[in-house]
Amino acid sequence: MTSATYHAPASVAEAVGLLSANPAAKVIAGGTDLIVQTRSGRVKPSAYVDIKRIAGVSGIRAFEGGFAIGAATPCTALLEDAALCAAWPGVIEAANLIGSVQVRNRATMGGNLCNASPAADSVPALIAAGATCVVAGPGGERVVPVSAIPASPGRTSLAPGEFVVEIRLPAQPANASDAYLRAIPRTEMDIAVAGAGVALVMEGGVCKSARVSLGAVAPTVLLVEAAGAALVGTTLDDAALDAMGEAVRAACKPIDDKRGTASYRTHTAAVLARRAALIARDRAGAKA
Amino acid sequence: MSKILVSTTVNGEAQEFACDPSTSLLDALRTELHLTGTKEGCGSGDCGACTVSLDGEMVCSCLVLAAEAEGRSIGTVEGIAEGSALHPLQTRFLEHAALQCGFCTPGFLVAAKSLLEKNPDPDETEIRYWLAGNLCRCTGYDKIVRAVQHAAADLRQERTVA
C-alpha cells in the first residue's frame, strides 16, 4: 500500500490548496468508487482529500428557483427533500438506483459524475435536466454544464487542483418533469447495460422542450439533441416516439462487453428512452 | 507513514485508535478495537458482510476510511444485544434458522435493524430491496425475510405494550 496521507479540510480554499500541491491527491466524498479502485491498484492516491467536513459541500438548498446540491451529499439524503423529489423525480430515482442502500448512504452524485463511468446512473438524468456544476480550483470558481465534466471513461475535464463543489438543478416550470430508466439483468446491485434520462416541458398536452440523455452506449454519457427535437411540438404520439427512437439509435456508439452487445445496447437505449419519455410526460401532466 | 489518531464512539462507548491513512474502518474495528463480529466478505461493497451504522446510517465499513470516523458514532453487531438479552432480530434469526454458516449474519442484523428503525412495518418487497446489498449463499434469503418480518411484528408489539 502506498503511503497516502489523509486530510479533512474545513474550507474549499484549503481543499484546492491540498489538491494543487499534490497532483496525485484524490478527492474522497462517498469513497464507494475510490476505495474500491485504490484497493484493486487501479488508482494510487498520494493523498485523500475528504471534502465532507467543508461547510456547504453537503446538503441541499434552494437556489434561483431550483436546487443546489452539495457534491458530498449522499444519494439517500436526496430522498428526504420533498421539494427536490417533486421537481426532479428522475434525477432522484437515478441516484437511488446506484448500488445498495449501504452504498447509497455514502455515494454521491458528485462522485458518480467525477468517476466518469459511461454507465453512471445519475449522470444521464442530470444532463437531461440541464444541470450545471460549480467547479472550484486555483483560479476560483466556474460554473459548467454537467455534460462538460466527463471526458472519456474514467477521465474528467477537471484541471489539476479543481474539484466539483456543487451540482445545480434549474427551476422546474409547471407542467414539466423527468424520468430515468436503466436496463440491468436483475433489479438491484448492477451496472447499467443502457440508461436513458428524459426531461420534458409540456404545455396543453404538447411538448414544448425535451432533453434526452443516454448512458452506457458511448465513451461518455450522451446528450442527444436530435432525440429531444423529435418530441418538441408533438403530443408524444407514436410517430414522434418512433422518430426519437431513431435519433437515439443513431447516436449510440456502444461497445460489446460482458454486460451486453452493441446491438442490444442500441436497441435497449431506444426502448428505455421511449418509456422514460412517457413517464416524464405523465408526471408533468399529473402536476398540471 | 505517520499514524492518525481517531476518536470515535462505538456502540455508545468512546473509543480511540491509531491507524494508517489508507486503513478501512472495517480493518480498524477488527484489528485495533478487536470487534471481530463485523466480517470482511468481498472488500468492494458488494456483499454487505461488513455493514455497520455510521451516524445512524448503514454503510459498508470496507468502503469507509477509518480516519473518516473521527467524531462519528459507529454501531456494530456487538451493540445489538443488550447484555445477555438478544435483540428480537437475533432471536428470530435463530428461531427461523435464518443462517447456516453465519458469515453474512452480522451484516444482515445491522441492516435489518436499520430498516426497522426507519420503517417498523415493511412489506416483503421493501425488506428484499433494503437487504439487496447483503448476500447470503446458504439460506436462499426466504428464512431471513421471514425472520425480519417476525422481529418487526415483535418490535411493534413491544411498542404497543410500552
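**A first look at chain B**

Hi everyone, let's start with burial: of the 162 residues in chain B, 46% are buried, meaning that 20 or more other C-beta atoms, placed from the backbone, lie within 10 Å of the residue's own. Please keep in mind that this is a predicted model, where local features need pLDDT of at least 70, side-chain atom pairs count only at pLDDT 80 or more, and totals for chains, interfaces and linings use all residues. Residues are numbered from 1 along each chain as its sequence is written, while chains are lettered from A and ligands numbered from 1 in the order in which they are written.

Now for the fold. Chain B has five helices and five strands, which are DSSP runs numbered from the N terminus (helices: H or I, at least four residues; strands: E, at least two). Along the sequence the order is β-β-α-β-β-β-α-α-α-α. With a radius of gyration of 16 Å, close to the 15 Å from the globule rule for 162 residues, chain B is therefore as compact as a globular protein of that length. That radius is taken over C-alpha atoms, and the rule is 2.2 Å times the number of residues to the power 0.38.

What about contacts, meaning C-beta atoms, placed from the backbone, within 7 Å? Among those in chain B between residues at least 6 apart in sequence, 59% join residues at least 24 apart.

Finally, the partner. The contact takes 23 residues from chain B and 21 residues from chain A. On the chain B side, strand S4 (57-60) and helix H4 (124-130) each supply at least two residues, and S4(B) gives the most, with four.

Conventions
A residue is buried if 20 or more other C-beta atoms lie within 10 Å of its own, exposed if 12 or fewer, and partly exposed in between; C-beta atoms are placed from the backbone. Two residues are in contact if their C-beta atoms, placed from the backbone, lie within 7 Å.
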